[in-house]
Structures are given as structure tokens and as C-alpha cells.
Amino acid sequence: RWEEEKKEDKVKWTQLEHRGPYFAPLYEPLPEDVHFYYEGKALKLSLATEEIATFYAKMLDHEYTTKEIFQNNFFNDWRKEMTSKEQEVIKELDKCDFREIHKYFVDKNEARKALSKEEKQKLKEEAEKIQEEYGYCILDGHREKIGNFKTEPPGLFRGRGNHPKMGMLKKRIMPEDVVINCSKDSKIPEPPEGHRWKEIRFDNTVTWLASWTENIQNTLKYIMLNPSSKLKGEKDWQKYEVARRLKDVVHKIRAGYRADWKSKEMMKRQRAVALYFIDKLALRAGNEKEEGETADTVGCCSLRVEHLKLHPTLDGQEHVVEFDFLGKDSIRYYNKVSVEKLVFKNLQLFMKNKDPGDDLFDRLNTGILNRHLQRLMDGLTAKVFRTYNASITLQEQLKALTKSEDNVAGKLLSYNRANRAVAILCNHQRSTPKTFAKSMQILQAKIDAKKKQVEEAQEKLKKAEEELEDTKDAKAEGNVEKIKKLLKRLEEQLAKLNVQATDKEENKQIALGTSKLNYLDPRISIAWCKKFGVPIEKIYNKTQREKFAWAIDMTDEDFEF
């Protein structure tokens with residue numbers, strides 16, 4: 001299906017039919033014996049107020065509810081939804097007691113885990129029925145899977161990093177908020193009883209099936225096709241082909257921005273230094289934002305003087321730039337980089353006579369930069385640089401790290417190390433998982449037990465060889481061979497566990513998944529698997545294999561990015 005005829009430019013489909021989104025279930029009130037307390041007294045809440053109280057109660061054991069900004073945002077939004085009577089009584093969050101509600105949901109969760117096999121199977125079948133009904137669409141005669149066909153339930157906004165809007169109320173999505181997109185001749189989805197859609201569109205130049213605006217950041221949310229669908233696969237394939245085209249012109253682009261470091265025009269110098277950062281450090285371009293609209297996050301073009309420190313020498317290196325700023329999703333970017341002398345001199349010039357809060361690149365914005373990139377190569381953006389540098393890094397690291405004589409576990413360790421180099425380049429961090437120490441403990445116990453088994457097998461082998469020496473008996477010889485095989489198997493298992501422990505430790509604060517799914521051409525990984533005899537399922541799980549079906553179908557072991 002990857003080779004089916006292409007449609008005329010911009011037209012994505014001729015037929016699109018679906019059931020519309022599946023809405024989050026309505027709120028179920030708390031049982032009569034579960035109470036909310038204020039100043040130690042049980043207080044009966046109105047239904048809307050109670051529902052929002054449960055959002056906070058469910059998160060009591062989470063780090064978020066200890067953060068002041070989360071608490072303040074939640075309390076402000078909660079009070080807006082209270083009745084005037086409730087507002088008169090509930091004035092301070094510190095006097096609220098959600099513990100009984102919290103316990104109710106913890107118990108409910110435990111009860112769900114303790115369900116019998118039959119009850120769990122029944123729930124599974126109900127979910128599958130919903131998936132069958134809402135989870136597929138007909139697109140140009142093909143039955144295609146939809147990505148996430150459910151609307152997000154209401155709750156409290158979490159955000160990443162220290163997002164200034166964390167704790168705010170995410171409102172329930174109603175049919176009246178939803179725009180439906182389908183083909184004119186299709187059976188138009190029915191809204192839930194007593195409701196109507198915001199709008200019905202017949203736009204075949206876009207690939208989304210439904211959309212709405214969420215109330216926290218005012219951004220559009222979409223129901224899209226599943227990553228395994230033909231349209232998504234084609235888009236993915238094209239994305240990596242654009243990045244591969246960059247490979248042919250990147251040397252010319254680099255020569256161009258190096259020359260511009262000496263330009264007489266300040267704008268060109270700033271553009272050239274920004275492009276160097278985007279290329280060398282895989283920084284995002286950084287989009288303009290409304291004042292006070294979202295978190296104070298920046299990208300390359302919106303860097304301020306306060307985000308950089310210049311060190312003529314540091315830790316034995318010359319011309320070091322120390323970056324410290326919040327990037328996308330409020331994730332801190334902290335890096336010390338030795339840059340070229342001309343870049344360093346230009347930065348000194350850009351920062352001269354400026355206050356900490358002033359823009360570093362005051363003659364530049366993302367629009368200017370993107371127009372320039374487009375002139376250098378059709379379809380070129382800062383993200384294409386990230387994709388190109390991520391994929392090239394993976395390919396080079398795999399070549400450098402993989403040893404053909406290693407076993408599969410050893411090769412996988414090399415693969416994850418190569419993937420980690422990319423994640424570090426792209427600043428894909430995560431906080432150490434809560435369960436890390438416990439799972440490391442369990443793994444260490446397994447290693448210790450396996451070591452003991454190996455030692456016991458070595459002891460057995462020594463005795464068996466001594467017995468063979470004495471008797472020269474065929475039975476004793478068979479016994480020696482049997483123990484040797486056992487010992488070999490145990491040693492391989494021990495090596496595999498040791499590799500797992502190393503891998504776990506090295507990856508505890510690095511998120512490998514983001515780059516693997518979004519920035520790395522899957523054909524590099526698939527070619528590597530085929531070349532070194534590593535099963536593809538060791539790299540990609542079932543969902544990922546479906547997403548990259550296009551790459552699995554077309555890649556052999558000789559593929560070069």
C-alpha cells in the first residue's frame with residue numbers, strides 16, 4: 001500500500017468516514033460514607049465542587065500537590081466552580097482534608113487489581129467493543145486504525161518541569177466543543193443524545209478527524225490516525241527523506257554560516273551564530289509567544305543575555321559558552337560547550353552593553369531564520385537539523401560501538417549507548433523513576449543468585465572432571481559435557497543480567513523513547529538489526545513495529561542514512 005498512486009498536491013484523502021470521538025464517562029458521585037472535611041468537620045459538597053475535589057484527592061501522594069504553584073492554581077480554579085455558599089465556607093486550602101476521598105480511590109484501585117481473571121476478561125472485552133466501534137475509520141476504502149479516539153477526561157493540568165499553569169482545572173470536553181471532519185458523502189457521526197457538534201467540516205487537505213480547543217493553553221487538540229496508518233507512515237517516511245536531502249547540502253550550509261560570522265551586517269552574523277547552535281547543539285528554533293501566555297521557555301532565537309555565560313577558558317578548554325535556560329516543556333538545558341573562536345567573539349559583541357533580560361539575537365526571530373533555511377533547501381527547518389543530526393549520530397555511534405562477536409545482549413547495550421548519545425544531544429531528560437532503587441535491588445538479587453549458581457556449577461564441573469580422570473568412563477564423560485553446557489548457559493544468563501544492570505544505571509535520567517520514535521530514521525535501526533542478527537522486536541515493541549511498518553518493509557542491511 002506504500003506504492004499506491006499519490007493524490008494531487010495537498011489532497012490527503014477522497015473518502016473519510018468515522019464515528020467521532022468517544023467521550024470520557026460522566027462523573028459518578030462519591031458514596032454517602034466518604035466525606036470531605038473542612039476545619040475537621042464533614043462538609044457535603046455540590047456535585048461540580050465534589051468532582052474537582054476528587055481530582056486533587058487522587059493526587060495527594062504525588063509530588064505535584066506539594067508544590068505551592070500547583071496548590072494555588074488548583075484552589076483558585078476550584079473556588080470559581082463552587083457555589084456562593086461553599087465560597088463563604090472554604091477559604092483556605094490548608095484547612096481542607098481530602099484524605100478520606102484519597103483512601104476511597106486507593107482502595108478502589110486495589111479492588112480493580114484484585115479482580116478475578118473472568119472479571120478482568122469481561123472488562124477487556126468491553127474495552128475491545130468500544131475500540132471496534134470508535135477506534136477505526138474508513139479512509140479511501142481502507143479500514144484504518146485511529147490514534148487516540150477518546151477525549152481527555154477532566155482533571156488537573158500537570159505540565160512538565162515547573163509549568164506556571166500546573167494545578168489549573170482541565171475542563172470536560174463536550175460535543176459542543178468538537179469540530180468533526182469527514183467526507184460529504186460519508187455517514188456523518190451522530191453526537192451523543194441531546195447534544196450537537198460545534199461544526200462539521202469536509203476538509204480533505206488535513207488528516208485530522210476531530211478537533212477541539214483545550215482551556216489551559218488554548219491549543220488545538222486533534223484526533224488523528226494511528227501511527228501505523230498509511231497516511232502517517234508516508235508522512236514519517238517523507239520527514240526522514242527531507243533529513244537525508246540535508247546530508248547533500250549540509251557542507252555548503254556550514255561553509256555559508258561560517259563566512260557570515262564575519263559579515264558586515266549584524267543580522268547576518270546573528271543568524272549565522274544561531275544556525276551554528278541549531279546545527280552543533282540541536283537546539284530548537286524557539287517560537288514567539290504572547291506575553292505571560294505560557295511558561296518562560298526559550299529556544300535558540302529567543303535566548304536572552306542571562307541564559308549564557310562566556311568563559312575565555314574553563315576546565316582546560318578555550319572559548320567555553322555555559323548555557324542555562326528552560327527549553328520546551330520547561331525542561332532545563334544546561335551545557336558547557338567549547339565553541340569556535342569567531343562564534344565566541346561574536347557572542348561577546350552581541351552581549352555588549354545589554355542587560356540580562358535583553359535578547360541575545362535582537363536582530364533575529366524565528367520567521368527570519370526559517371525563511372533563510374527555506375532558501376538554503378526546500379523544506380528545511382530547525383527540526384530537520386535535529387532529525388538529521390540525531391540520525392547521523394546514531395549511525396556513526398552504531399558503527400563505532402557494535403562488535404560483531406558480541407552476543408545479542410552485548411549488541412543491545414551498544415545500541416542503547418548509541419541511542420543515549422542522541423538523547424543527550426537532543427536534551428531528552430527524565431527524572432529518575434520512583435521505582436528505580438527497588439527495581440535495581442531486585443536485579444542485584446537476581447545477579448547474586450545467578451553468581452551463586454555459576455560457582456556451584458564450576459564446583460560440580462571440577463568434581464566431574466576429577467571423576468573422569470580417575471575412571472575414564474563414558475558415563476562420566478557424558479556428565480562432564482552436560483555440566484559444561486549448563487555452566488555455559490548460566491554464564492550467558494549472568495552476563496545478560498550484568499548488561500541489564502549497566503544499561504539501567506546509565507539510562508536512569510535519560511529518556512531514550514522520544515528520539516527513537518521521533519528523530520531517528522527507523523531504517524538505520526532495522527538495517528543494524530539485520531546486519532548483526534538482532535531480532536527487530538528487541539529494539540521496537542509491537543506498537544512501534546506497526547508505526548514503522550513502512551521501514552521494515554523496505555529496508556535491507558546495507559541501508560545508509
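## A coiled-coil stretch

Over residues 106–133 the chain is 89% helix and 0% strand, with the end C-alpha atoms 31 Å apart. Helices here are DSSP runs of H or I of at least four residues, strands are runs of E of at least two, and both are numbered from the N terminus. UniProt, in an unreviewed entry, lists residues 106–133 and also 440–507 as "coiled-coil region". UniProt positions are given in the numbering used here, feature names are shortened, and such annotations may be inferred rather than shown by experiment.

## Basis of the model

This is a predicted model, in which local features need pLDDT of at least 70 and side-chain atom pairs count only at pLDDT 80 or more, while totals for chains, interfaces and linings use all residues. Residues are numbered from 1 along each chain as its sequence is written, and side-chain values use heavy atoms, with hydrogens and water left out.

## Domains

The domain assignment divides the protein chain into domain 1 (16–24 + 120–230), domain 2 (36–118), domain 3 (243–377) and domain 4 (390–554). These bounds come from an automatic or database domain assignment. Between the C-alpha centres of domain 2 and domain 3 there are 45 Å.

An open sheet of three strands runs in the order 3-2-4, with antiparallel pairing. Strand 3 (41–43) and strand 4 (96–97) are at the edges with a single partner strand each, so one side of each has no neighbour in the sheet. Strands count as paired if DSSP finds at least two bridges between them. Strand 2 (residues 36–38) and strand 4 are joined by two bridges in the antiparallel sense, and Tyr37 stands opposite Asp97 in strand 4.

## The hairpin of strands 13 and 14

Strand 13 (residues 308–314) pairs with strand 14 (residues 317–326) in the antiparallel sense over six bridges. Two residues lie between the strands of this hairpin, and Asp315 takes a positive phi near 50 degrees there. Most residues other than glycine have a negative phi. His319, in strand 14, has a positive phi of about 50 degrees although it is not a glycine. His319 is buried, with a relative accessible area of 18%; buried means under 20% relative accessible area, exposed over 50%, and partly exposed in between (1.4 Å probe, protein chains only).

Ala282 is another non-glycine residue with a positive phi, of about 55 degrees. Ala282 is found in the loop between helix 7 (266–281) and strand 13, and Ala282 is buried at a relative accessible area of 2%.

Phe323 is in strand 14, where Leu308 stands opposite Phe323. Phe323 counts as buried, at 0% relative accessibility. Leaving aside neighbours within four places in sequence, Phe323 is in contact (heavy atoms within 4.5 Å) with residues including Phe277, Leu281, Leu303, His307 and Tyr333. The C-alpha atoms of Phe323 and Tyr333 are separated by 7.0 Å, and the two residues are ten apart along the chain.

A nonpolar core is a set of buried Ala, Val, Leu, Ile, Met, Phe, Trp, Tyr and Cys residues joined through side-chain atoms within 4.5 Å. The largest has 72 residues, of which Leu246, Phe277, Phe323, Leu347, Phe361 and Phe385 touch the most other members. Domain 3 and domain 4 both give residues to this core, so it lies between them. Apart from neighbours within four places in sequence, the contacts of Leu246 are Ile253, Met377, Leu380, Val384, Phe385 and Tyr388. A second, separate core of 26 residues includes Ala53, Phe55, Phe74 and Met166.

In helix 9 (residues 366–376), the residues Thr366, Leu369, His372 and Leu373 are buried. They cover an arc of only 130 degrees around the axis, which puts them on the same side of helix 9. The arc is that of the directions from the helix axis to the C-beta atoms. Arg371 and Arg375, on the other side of helix 9, are exposed. Helix 7 and helix 10 (382–401) are among what covers the buried residues of helix 9.

## The loop at Lys508

Lys508 is in the loop between helix 13 (474–506) and helix 14 (512–518). Lys508 counts as partly exposed, at 24% relative accessibility. Lys508 and Phe436 are 72 residues apart along the chain, and their C-alpha atoms are separated by 7.5 Å.
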